[in-house]
Amino acid sequence: LDEVSSYLQNAEVKLQFSPRVFQFIASLGYSAEYGARELRRIIRAQVESPLAELLLEGTFGAGDTVLASVRRGKLHFEATVKGPGERQTALAPAPV
């Protein structure tokens, strides 16, 4: 997740995670058969891809701070956008 944050910093977007995000990702990324090997795939599907879509759509952009949290069993991305006092909220698209 630090890698994702670092990549977004290059795009001038700050990414923050609520504590529940780590638990959510860990619960999806572990299996008794494969251990934590699936973790990278889960991060890509649950965090990287949805954020990339939201950035490409223009929902979030340079100068925004995005908070990732878990709501109703899904990741939710909310940002403080450039305008004073404005907030923009987007529910991450479901992974394919």
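Begin with helices H2 and H3, where H2 passes H3 in a right-handed crossing, a crossing being right-handed if the near helix is turned clockwise from the far one by less than a right angle, and left-handed if anticlockwise. The model is a predicted one, in which local features need pLDDT of at least 70 and side-chain atom pairs count only at pLDDT 80 or more, whereas totals for chains, interfaces and linings use all residues. Residues are numbered from 1 along each chain as its sequence is written, and side-chain values use heavy atoms, with hydrogens and water left out.

Select residues 19-28 for H2 and residues 39-57 for H3, which pack at an angle of about 125° with their axes 9 Å apart; the axes are lines fitted to C-alpha atoms over the stretch in contact, and angles run from 0 to 180 degrees between N-to-C directions. That angle makes H2 oblique to H3, since angles under 35 degrees count as roughly parallel, over 145 as roughly antiparallel, 65 to 115 as roughly perpendicular and the rest as oblique. Now show the side chains of Phe24, Ile25, Ala26 and Leu28 in H2, which meet Leu39, Ile42, Ile43, Gln46 and Val47 in H3, contact meaning heavy atoms within 4.5 Å.

Widen the view to the whole chain, which has 3 helices and 4 strands; helices (H or I, at least four residues) and strands (E, at least two) are DSSP runs, numbered from the N terminus. Their order from the N terminus is α-β-α-α-β-β-β.

Next select strand S1 (residues 14-17) and strand S2 (residues 65-71), which run parallel and are joined by 4 bridges; strands pair if DSSP finds at least two bridges between them. Here leucine 15 has valine 66 in S2 as its bridge partner.

Arginine 72 is exposed, with a relative accessible area of 87%, where exposed means over 50%, buried under 20% and partly exposed in between (1.4 Å probe, protein chains only).

Finish at glutamate 12, in the loop between helix H1 (2-10) and S1. Glutamate 12 has a positive phi of about 65° although it is not a glycine, and its relative accessible area of 57% makes glutamate 12 exposed.
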